[in-house]
Amino acid sequence: GLALDALQYFWRGQLRHWLFCDAGLLVAYLGLVGAAIDLSALWLLPLGIAPPDPETDPTEMPEDAAAAAAVGRRLADKGIGRLDPIIVVHVSAGNPFRRWPAASFVDLVCRLAAADPRRRVILTSGPSDAGAAATIANDARGRLAPGLRGVVVECGEFSLAELRSLIGRAALYIGGDSGPMHIAASSDVPI
């Protein structure tokens, strides 16, 4: 009824602007940007409810044993051993404005490969960008010296459980604001 209409009106206008602009500026002003503060937690403060504490309320995505075994086999098929340092680079996001330019990913991959040829840089992408990882891998290999081209690895698509296992084995995760970034946040891997 009327209450729903009013809420929708405010959501389309002032409330939405406040949440994504003014409240965002407030969070930035308070120095909370980068501290993984959920704006919804700010709504709880006036009620005397503290935001979740990552130490006592961690976001978790347990590793699936079957997925871990499947990832282990796929990596072994690519010549990647248990002790090889892996960097997972996720090159896509659900929205174009969240994606880093492909040329920037190519440059990053080339720098990572040149810095340590023992690394294996594994490129992943989501279903909305199925060819993005392959294109970036090919472009990076084209720029790398022949001895470094093997650093850049493509392993195909991963299920979410497999992606969690892959990220769990990584020394570093690099990617934009996407589902895989949140999966990485549920693991111990540096982001």
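Here are some questions and answers about this predicted model.

Reader: In what order do the elements of the chain run from the N terminus on?
Author: Happy to start there! The chain has eight helices and four strands. From the N terminus on, those elements run α-α-α-α-β-α-β-α-β-α-β-α.

Reader: Among contacts between residues at least 6 apart in sequence, what share joins residues at least 24 apart?
Author: Let's begin with the chain, which has 191 residues, with 33% of them buried. Among its contacts between residues at least 6 apart in sequence, the share joining residues at least 24 apart is 65%.

Reader: Is H7 mostly covered or mostly uncovered, and how many of its residues are buried?
Author: Good one to check in the structure. The buried residues of helix H7 are Glu162, Leu163, Arg164, Ser165, Leu166, Ile167 and Arg169. What covers them includes H4, strand E1 (86-90), strand E2 (120-124), strand E4 (172-175) and H8. H7 is therefore mostly covered, and the number of its ten residues that count as buried, meaning under 20% relative accessible area, is seven.

Reader: At roughly what angle do the axes of helix H4 and helix H7 cross?
Author: Two packed helices are described by the angle between their axes and the distance between the axes. For H4 (residues 65-77) and H7 (residues 160-169), the axes come within 8 Å. H4 passes H7 in a right-handed crossing. The angle of that crossing is roughly 65°.

Reader: By class, which residues make up the contact of H4 with H7?
Author: From H4, the contact is made by Ala67, Ala68, Ala70, Val71, Gly72, Arg74 and Leu75. H7 brings Ala161, Glu162, Ser165, Leu166 and Arg169. Sorted by class, these are seven nonpolar, two polar and three charged residues.

Reader: Is serine 187 buried or exposed?
Author: Look along the segment after helix H8 (179-185), where serine 187 lies. Leaving aside neighbours within four places in sequence, serine 187 is in contact with Arg164 and Ile167. Its relative accessibility is 12%, and the cut-off is under 20%, so serine 187 counts as buried.

Reader: Which backbone oxygen does the side chain of serine 187 reach?
Author: Follow the side chain of serine 187 in the structure. At a distance of 2.7 Å, it reaches the backbone oxygen of alanine 184.

How values were computed:
Residues are numbered from 1 along each chain as its sequence is written. This is a predicted model: local features need pLDDT of at least 70, side-chain atom pairs count only at pLDDT 80 or more; totals for chains, interfaces and linings use all residues. Side-chain values use heavy atoms; hydrogens and water are left out. Helices (H or I, at least four residues) and strands (E, at least two) are DSSP runs, numbered from the N terminus. Buried means under 20% relative accessible area, exposed over 50%, partly exposed in between (1.4 Å probe, protein chains only). A polar contact is a pair of N or O atoms within 3.5 Å; within protein, one must be able to donate a hydrogen and the other to accept it, and residues adjacent in sequence count only if both atoms are side-chain atoms. Contact means heavy atoms within 4.5 Å. Axes are lines fitted to C-alpha atoms, for helices over the stretch in contact, and angles run from 0 to 180 degrees between N-to-C directions. A crossing is left-handed if the near helix is turned anticlockwise from the far one by less than a right angle, and right-handed if clockwise. Ala, Val, Leu, Ile, Met, Phe, Trp, Tyr, Cys and Pro count as nonpolar, Asp, Glu, Lys and Arg as charged, and the others, Gly among them, as polar.
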